[in-house]
Amino acid sequence: TPVKECGRFLWWGLSDDDLNKHHANHTLTLGARLGSPASQWCTARGQLKLAAIDADRAEADKRAKQDLVLRISLAKHADSTSVVPPVYRRVRISAGCSLNQAFDRCFLPAMGWKRNYHLSLLVDGTDGTVFGQTASRAIDSMHVPVVCLAMVDDTKVRLCDLFKQPAAADMFWLYDLGDQFLHRIAVEKWLPVDKSTGKMDVLGGERACPPEDSLGMKNMGHYDAFLETVETLKYRGPVYRDLIEKAGQAANYKDKTFDPREFKLADARRRVRDAVAGPASNPAAAMMSGNMFQFRPGAFGSMKDMSSMFQSGNLTQVDPAKLYPQVPSTTPDPPELAVCATCGTNRGLKWCVGCRQVRYCSPECQRSQWKSHKAACKAAAAQKKNEKSSK
């Protein structure tokens, strides 16, 4: 039996040499069609988990009618405990939301991460099953075979399928499989059905989200070490300013000032509202990494190292958005990804009859967004009318 620690398997009861020999012999004798013993184990673990979820469907459907208050805390790699000083967000969300809806519309924007930029994996704290975006083409998806070996589609599983009452086990969220930012997700409260609206909201938090791609950080994904450094520098001086300047170039801090001490509730709520109002992220068009370089033709063979290539102008950093623009979805969200364009609930959704591009949970939510939706709605309706008349 493997030892699990946030979805990563540390050992299998064999030495590294013996394990490598075992995998090599397995590949030679059975071929690659079955995968390694480790990947087979992880795949079987996922299948068993889905069977257990299906067996608990009736009770989970009852929990789906309730709202959850969750605390999402940035955690240390060493022991999975919260980073000190704490970096966290407290959110309210329907337990009936799928994991994909929760990450894309709530968790990512609430924390301050960029949507559809890197992969998010949720790891069940009870058995190590990994859930994620199986269709994503984010650049860090290259690390999936190393980090988790196998994952369950996060559109098929709801929060209520994993979090149970009265005492729900903590879950772990791994963001960016290259830098590996670890978060602990804990249930603080189950709201009764009569108090549950399904609305996505940010209730509070502390400190800024880490910079994407670990810009300004010495060790990738180790934001605790970065915070310790800036605390030691007392948030001033040339070294501190240099770190902040580098971190401020990250994809989630462009056009704004990065201050590790700062958390603005209004900004976090606005990001969630924007995520809810727009289309779901298109995983097949995930944005490429921010650290990309362009070589001058003929530059290879004449340069000894990266620094000399920069100095000579043979290598320049480029904006990934220009090379690989993020393509938003142009079709209405499928049912498994759809949420109310005003409040974010996935309960009782109905089309906007004018455009049939967005859904709302109630007339009140539709009326509250009509001012901002009016122009797009009329344009979509006119386009459909023209298409129909031209046939």
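Residues are classed as buried at under 20% relative accessible area, as exposed at over 50%, and as partly exposed in between (1.4 Å probe, protein chains only). The structure is a predicted model, in which local features need pLDDT of at least 70 and side-chain atom pairs count only at pLDDT 80 or more, whereas totals for chains, interfaces and linings use all residues. Numbering runs from 1 along each chain as its sequence is written, and side-chain values use heavy atoms, with hydrogens and water left out.

The protein comprises 12 helices and 14 strands, taken as DSSP runs numbered from the N terminus (helices, H or I, at least four residues; strands, E, at least two). Buried residues make up 45% of the 391 residues. Among contacts (heavy atoms within 4.5 Å) with a separation of 6 or more, 69% involve residues 24 or more positions apart.

Helix H8 spans residues 238-247, and its buried residues are Tyr240, Leu243, Ile244 and Ala247. These residues lie on the same side of H8 because they cover an arc of only 95° around the axis, the arc being that of the directions from the helix axis to the C-beta atoms. Pro238, Arg241 and Glu245 are exposed on the other side of H8. The cover over the buried residues of H8 includes H7.

On a 1 Å grid over the protein atoms alone, a cavity is a set of points where a 1.4 Å probe fits but cannot get out, a pocket is an open set with protein on both sides within 12 Å along at least five of seven lines, and lining residues have an atom within 4 Å of a point.

Of its 21 lining residues, Ala277, Gly278, Pro279, Gln357 and Val358 are the closest to its centre. Helix H12 (363-390) and helix H9 (265-277) each supply at least two lining residues, with H12 giving the most, four.
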